[in-house]
Amino acid sequence: MRRLLLVTAAASLAAIGVASSQDATMSFFVTSVGSGKGADLGGLAGADAHCASLAEAAGVAGKTWRAYLSTSDTDARDRIGTGPWFNAKGVKIADDVASLHSDANAITKPTALNEKGEVVNGRGDKPNRHDVLTGSKPDGTKIADQTCGDWTLSGAEGAAMTGHHDRTGLDDSAAAKSWNSSHASRGGCSQEALRSTGGDGLFYCFAVN
């Protein structure tokens, strides 16, 4: 009996160690849920707070999180620190900002996990949730008039540039395979408009420290 207890205790400690290791390394995730108000995220401050809240709920504390979102006067690439970044399973996504915005990044459906370490639905899944809000060009800089009023609109007006976290689309074009700049939302910035093209108001979160 004592040996069984020792083995069980050792296994529990090992499991805790693995969880702690993942907590320490996770510095990138796709949000498991959006704001629920379409592209109205409460601006950058609200989006950043959402990232932090989700990370803390998943057991990752002590990090400063930033949403990968551009606005009319801010480039997403300048918000996210210097890297490297790892997903919830410890897989490296990119070494730095330059590699993140090149073919060297490792963002794919199996690696662009949410904060819980779960795969996010992509093209072919029901519902499709692969449209991730960014408001950005492929190089991570802002794109004019495609940030849903700097992430404050949730109605029929405005548009948001989105990327495909699963790197798939209607064809084999670079845009269809882009993780951060595939196409703009259609029909406005509401939750319904985002869902109509395969999204759900999700966005990328990066730890800056």
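This report describes the disulfides, the nonpolar core, the aromatic pairs and the surroundings of one serine in the structure above. The model is predicted.

**Disulfides**

The structure contains 2 disulfides. Counted along the chain, the bonded cysteines follow the pattern 1-4, 2-3. The table lists each bond with its sulfur separation.

| Disulfide | S to S distance |
|---|---|
| Cys51 and Cys205 | 2.0 Å |
| Cys148 and Cys189 | 2.0 Å |

The bond between Cys51 and Cys205 has a torsion about S-S of about -80 degrees, and the disulfide is therefore left-handed. This pair connects distant parts of the chain, since Cys51 belongs to helix H2 (residues 43-57) and Cys205 to strand E8 (residues 199-207), 154 residues apart. Cys51 has a relative accessibility of 0% and so counts as buried. Cys205, likewise at 0%, counts as buried.

For Cys148 and Cys189, the torsion about the S-S bond is about -95 degrees, so this disulfide is left-handed. Cys148 sits in helix H4 (residues 148-151), while Cys189 sits in the loop between strand E7 (183-184) and helix H5 (191-196); the pair therefore ties together parts that are 41 residues apart in sequence. Cys148 is buried, its relative accessible area being 1%. Cys189 counts as buried at 0% relative accessibility.

**Nonpolar core**

The largest nonpolar core comprises 42 residues, and the members that touch the most others are Trp65, Leu69, Leu100, Leu133, Trp151 and Phe203. Several elements give two or more residues to this core, among them strand E1 (28-30), strand E2 (65-67), strand E4 (92-94), helix H3 (97-100) and strand E5 (131-133). Helices H2 and H4 and strand E8 are also on that list.

What does Leu133 touch, apart from residues up to four places away in sequence? Its contacts include Leu69, Trp151 and Phe203, which are themselves named among the residues touching the most other core members. Leu133 also touches Ala39, Leu41, Tyr68, Ala160, Met161, Thr162, Leu194, Gly201 and Leu202.

**Aromatic pairs**

The count of aromatic pairs comes to 8. In one of them, the ring centres of Trp85 and Phe206 lie 5.2 Å apart with the planes at 80 degrees; because an angle over 60 degrees counts as edge-to-face, the pair is edge-to-face. Trp85 in strand E3 (residues 85-86) and Phe206 in strand E8 are 121 residues apart, and the pair thus links distant parts of the chain. Trp85 is buried, with a relative accessible area of 0%, and Phe206 counts as buried at 0% relative accessibility. Both rings belong to a cluster that ring pairs form from Phe28, Tyr68, Trp85, Trp179, Tyr204 and Phe206.

Ser32 is placed in the loop between E1 and H2. Is Ser32 buried or exposed? At 12% relative accessibility, Ser32 counts as buried, because the limit for that class is under 20%.

Leaving aside residues up to four places away in sequence, Ser32 touches Leu54, Asn114, Glu115, Lys116, Arg129 and Leu202. With Glu115, the side chain of Ser32 makes a polar contact to the side chain at 2.5 Å. Leu202 is a contact of Ser32 and also of Leu133. Ser32 and Asp200 are 168 residues apart in sequence, and their C-alpha atoms are 9.6 Å apart in space.

Terms used:
Residues numbered from 1 in each chain as written. Predicted model: local features only at pLDDT ≥ 70, side-chain atom pairs only at ≥ 80, totals over all residues. Heavy atoms only, no water. Disulfide = S-S within 2.5 Å. Helix = DSSP H or I, 4+ residues; strand = E, 2+ residues; numbered from the N terminus. Buried < 20%, exposed > 50% of the residue type's maximum accessible area, 1.4 Å probe, protein only. Core = buried A, V, L, I, M, F, W, Y, C linked by side-chain atoms within 4.5 Å. Contact = heavy atoms within 4.5 Å. Phe/Tyr/Trp six-rings, centres within 6.5 Å; stacked < 30°, edge-to-face > 60°. Polar contact = N/O pair within 3.5 Å; in protein donor to acceptor, adjacent residues only side chain to side chain.
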